[in-house]
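Please look over the sequence and the model shown here.

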Amino acid sequence: TADGILVGRFLGADTFAAVTISLPLVIMSFAVSDLVGVGSSAVIAVEHGKHNFDRANDVFTLSVIMIHIGSFVLGTIFFLFAPGILILLGAKGELVEQGSIYLRVYASFLPLISINYAADNFLKICGMIRRSMMLSFIIAILGTVLEFFFLAVLRLDVAYSALGYCIAMLFSAVFGMWPFVHNKQILKFVPPHFSWELVREVCANGLAVFLQNISGRIYSLIMNSTLLALGGANAVTTYGVIFFSAGIITPLVYGEADAVQPAIGYNWGAKNKHRVIALTRYVFIAGGLIGLTSAALMFLCPELLVHLFIPDTTPELFAMAVPALRTFSGALCLNWIYFCTQEFVIALKFTKISSVISVLATFVFPVTAIALLAPFGLNALWYAPVVGTILTVITSIAILIHIRNKHFNGIPVRHLDTTR
């Protein structure tokens with residue numbers, strides 16, 4: 001989000017639009033890290049609950065290797081084909097030039113920085129919650145400081161916008177994995193025992209987040225292409241404001257739910273169902289407070305968000321962005337239910353359910369909404385996220401009721417005391 005603010009303020013609306021188009025591709029480049037990081041942490045947490053420590057270490061070692069190999073392959077692909085991909089999305093001229101530069105910087109660093117997402121989960125499993133939290137702070141604070149220095153002080157171009165955050169993520173990756181170098185933590189590196197069964201188990205457990213990452217970014221790319229066709233660069237810039245504004249809120253909901261996921265998985269593996277219920281209840285309460293507060297702020301103060309990202313807003317852009325933000329606030333009112341449900345299902349290793357709801361929420365429902373609303377014009381298209389969210393929440397509630405009736409019927413809720 002800070003990246004969007006700084007790009008919009010110091011490089012202008014056109015570069016902001018280029019970053020908006022390229023950013024879904026950047027996020028997609030971390031898909032392997034998400035797949036393996038989330039999948040392995042779920043398996044490790046359950047194996048620890050069963051006291052299968054040797055198997056947990058095998059999963060840990062193999063997952064680190066998989067992340068580095070996968071990120072090297074993806075980084076190479078995005079570096080070589082960045083311009084062609086952006087042209088296929090409908091971008092032209094400066095949007096292709098600036099977007100390719102931005103994407104290629106991230107692709108160059110990808111093999112070194114993609115371990116960040118998995119390191120966060122590994123540290124939580126080892127009880128190093130503070131160090132885990134520091135990873136996000138390092139990326140956010142150091143990345144923002146470096147980008148501000150490059151853009152505001154040195155007046156450099158969009159490449160240095162990406163470079164600032166890549167340097168921060170590199171520092172964070174080293175800081176996050178350093179405790180495991182000397183093999184003194186609960187998770188230890190061991191001689192890798194490659195097994196297709198283990199790879200399948202890790203991938204199956206991380207598939208939901210992987211599909212969410214990929215399908216969600218494909219939806220963003222489709223949305224950007226449709227907006228370019230219906231409203232030009234101003235429409236993409238407006239979507240960028242929405243995208244980056246949601247980027248302030250979504251990590252808060254996802255972060256609080258993800259932080260409790262290892263504890264839920266541990267207690268599920270240890271068959272402490274009453275603690276699973278208690279932890280899940282707190283996750284949903286916190287998620288609801290964050291989601292509803294954020295939606296109210298977006299609905300009441302859309303002008304502030306527009307000027308925050310694009311200070312030199314044209315009247316046409318302002319007239320388009322304000323009602324679009326108010327419309328999107330309807331999605332924020334509800335989508336916290338999906339995020340909390342998804343993390344809960346992943347923690348219980350219900351891989352089929354998590355995969356299905358992920359694809360429905362991030363691709364099927366919103367893309368269907370685009371297809372239905374785009375023929376009615378740009379104003380109707382802004383309601384696509386709201387329609388998709390409503391369908392997702394209905395599905396999430398149905399899944400929660402199913403799980404409650406099948407696995408937790410009659411289980412009392414107790415107060416948390418020493419829950420791991």
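Helices (H or I, at least four residues) and strands (E, at least two) are DSSP runs, numbered from the N terminus. Leu151 is found in one such run, helix α7, which covers residues 129-153. The model is a predicted one, where local features need pLDDT of at least 70 and side-chain atom pairs count only at pLDDT 80 or more, while totals for chains, interfaces and linings use all residues. Residues are numbered from 1 along each chain as its sequence is written, and side-chain values use heavy atoms, with hydrogens and water left out.

Is Leu151 buried or exposed? A residue is called buried under 20% relative accessible area, exposed over 50%, and partly exposed in between (1.4 Å probe, protein chains only). With a relative accessible area of 1%, Leu151 is therefore buried. Not counting residues up to four places away in sequence, Leu151 touches Leu6, Val7, Phe10, Leu11, Leu156, Asp157 and Ser161, where contact means heavy atoms within 4.5 Å.

Helix α1 (residues 2-10) and helix α2 (residues 13-29) have axes that come within 7 Å and cross at roughly 150 degrees. Axes here are lines fitted to C-alpha atoms, for helices over the stretch in contact, and angles run from 0 to 180 degrees between N-to-C directions. Angles under 35 degrees count as roughly parallel, over 145 as roughly antiparallel, 65 to 115 as roughly perpendicular and the rest as oblique. The crossing of α1 and α2 is therefore roughly antiparallel.

On the α10 side Met298, Phe299 and Leu300 take part, and they meet Pro302, Glu303 and Leu305 in α11.

Charged side chains come next. Side chains of opposite charge can pair when their charged atoms come close. A salt bridge is counted when a side-chain nitrogen of Lys or Arg is within 4 Å of a carboxyl oxygen of Asp or Glu. By this rule there are six salt bridges. In one of them, Asp120 pairs with Lys124, and the closest N and O atoms are 3.0 Å apart. Both residues lie in helix α6 (residues 116-125), four residues apart, which is about one turn of the helix. Asp120 counts as buried because its relative accessibility is 17%.

Lys124 also meets Asp258 in a salt bridge, at 3.0 Å from N to O. Because Lys124 lies in helix α6 and Asp258 in helix α9 (residues 196-269), the pair ties together parts that are 134 residues apart in sequence. Both Lys124 and Asp258 are buried.

Arg326 and Glu303 form a salt bridge with their closest N and O atoms 3.6 Å apart. Arg326 belongs to helix α12 (residues 315-332) and Glu303 to helix α11 (residues 302-309), so this pair ties together parts that are 23 residues apart in sequence. Arg326 counts as partly exposed at 32% relative accessibility, and Glu303 counts as partly exposed at 29%.

Salt bridges also link Glu47, Arg55, Glu201 and Lys349 in a network. Lys349 lies in the loop between α13 (335-347) and α14 (351-373) and is partly exposed, with a relative accessible area of 25%. Most residues other than glycine have a negative phi, and most peptide bonds are trans. Lys349, though not a glycine, has a positive phi of about 65 degrees. Arg155 is not a glycine either, and has a positive phi of about 60 degrees. The loop that holds Arg155 runs between α7 and α8 (158-177), and Arg155 is exposed, with a relative accessible area of 58%.
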